[in-house]
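Subject: Structure handover, pockets

Hello,

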Amino acid sequence: MNLKILVMAGDGIGPEVTKEAVAVLQEVAEIGGHKLTLEAKRIGGVAIVQDGTPLPDDTLKAALDSDAVLLGAVGGNEFNSLPPDKRPEAGLLKIRAELGGFANLRPAFAFKELAVNSPLRPEIINGVDILFVRELLGGLYFGQPRAWDREKGESWNTMRYTRDEVARVAHIAFGLAKRRRKKLTSVDKANVLEVSQLWRATVNEVAAEFPDVMVEHQYVDAMAMHLMNQPRNYDVVLTENLFGDILSDESAVITGSLGMLPSATIGGKVNLYEPVHGSAPDIAGKGLANPLGAILTGALILRHSGGLEAEAAAIEASVRKVLEQGFRTPDLARSNPQGFTVLKTAEMGAKVRETVKEQLLAPSR
Ligand code: IPM
Ligand code: MG
C-alpha cells in the first residue's frame, strides 16, 4: 500500500499527540512494507500567527493533493476575542468544507480498563460500543444567513438542511449499521424544529432501503439523558452537526476521557481524520496530553483510507493491551493513580509502538 498523508498538527497539544500517531503509523508501515509519504502544513492559530490566515492556500492545496489528512487540534485562548470567521476554528471548518467529507464517524468504545475513570457505574458502561455519525457540513455551522448586528444587539444563525444532505449521510450511517449490530438511532428535535422534521422524514425514507436495520428516533434532550442511563442500548447514532458535536463530547464520560476518542470524516474528496479532543492549551507542551485518541485516529486512516483492516485492528488491540498492563496518561489516572504507571505523552506513544510491533510480528499471524 502507498499512502500520502498530510499532517496538520495545529495548536496546543495537537503537535504532541500527532507526533505519536504518526510514529505508530510509520512503525506499522515499516513492518508491513507499506510506503507512507508524510507532509506537514500549518492550520489554525499557528497559521494565523505565521501566515495571517487560519487556512493558508498551500495547506489546502496539499490537503486536496493527498490520500488522507490528519489533523491534531486547533484553537487557543489568545484568539478568543476574534469573530468566528477569523478564528483558528474557521480554518478547520473551511478545510472540512473544501475536502467535502460530510459523514463524521466518532466511535465511542468503552475499554473496560478505563471504567474506573468514568463517573458512571461499570455495569452501565461495560460493553458500550457506539458509532456516532455526525453530519459535518450542514446545520448551524454552515447555514446562511448568519450575523451579529452589533448596533441592533441582535445575532442569528440558521439551522438548514436539504433533503439530499440528510439522505447522503443517512445512507452512510445505515450502511455502517448493517455491518454492525443493525440498530440505528436518529437524533433530532422534531417536536420543535422544521429542520428536524425534514431530517426525520428523510431518515425514514432511507430506512426503507435497509429493512434489516432497526431504526428509532430520539429527541436530542432525551438522548442526552439516555446516553448516560443506558448507553449500551445504542449502536449507530445518526445526528446533525451541532447535536453530534455535543453528544460526542458527552460520550467521553462513558469512555473515561475525551483523550480516547478518534474520528474519521468520509464521503468527500479526501478523508479527514481528527481526534475529537481540542487543543487543551492548559496542558500543551508539558507531555501530559493523552496521545491515544490521535493514535486510534491513525488506525482509522489505515481502515478507511488504506484498506488495512488487520493493521488498524492491531493498533486498537495494542491500545487495549497497554491499558491492560496498567499504563495511563494523567487524564486516565484520575482515580487510583497509585495503581497505575502514569506515562508522559511520548512514553505512551512508545509503549503503543512497542506493542504494535509485537502484535504484528507475532508468529500466530
Ligand atoms: C469538534 C470540535 C470542532 C467542532 C471545533 C473545534 C470547531 O469541537 O471537532 O468536535 O465544533 O466541530
Ligand atoms: Mg466538539
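**Pocket notes**

Helix 4 makes the largest contribution to the lining of the largest pocket, with seven residues. Helices (H or I, at least four residues) and strands (E, at least two) are DSSP runs, numbered from the N terminus.

This is a predicted model, where local features need pLDDT of at least 70, side-chain atom pairs count only at pLDDT 80 or more, and totals for chains, interfaces and linings use all residues. Residues are numbered from 1 along each chain as its sequence is written, chains are lettered from A and ligands numbered from 1 in the order in which they are written, and side-chain values use heavy atoms, with hydrogens and water left out.

The largest pocket has a volume of about 1100 Å³. Its lining has 42 residues, and Arg87, Glu89, Ala90, Leu93 and Tyr141 are the closest to its centre. A pocket here is an open set of points on a 1 Å grid over the protein atoms alone, where a 1.4 Å probe fits, with protein on both sides within 12 Å along at least five of seven lines; lining residues have an atom within 4 Å of a point. Points are joined across faces, edges and corners, and the volume is the space filled by probe spheres set on them.

The largest pocket lies between domain 1 (1–104 + 260–365) and domain 2 (119–255), because both give residues to its lining. The domain bounds come from an automatic or database assignment.

The second largest pocket has a volume of about 560 Å³. Among its 22 lining residues, Pro107, Arg180, Leu300, Arg303 and Glu316 are the closest to its centre. Domain 1 and domain 2 each supply at least three residues of this lining.

Regards
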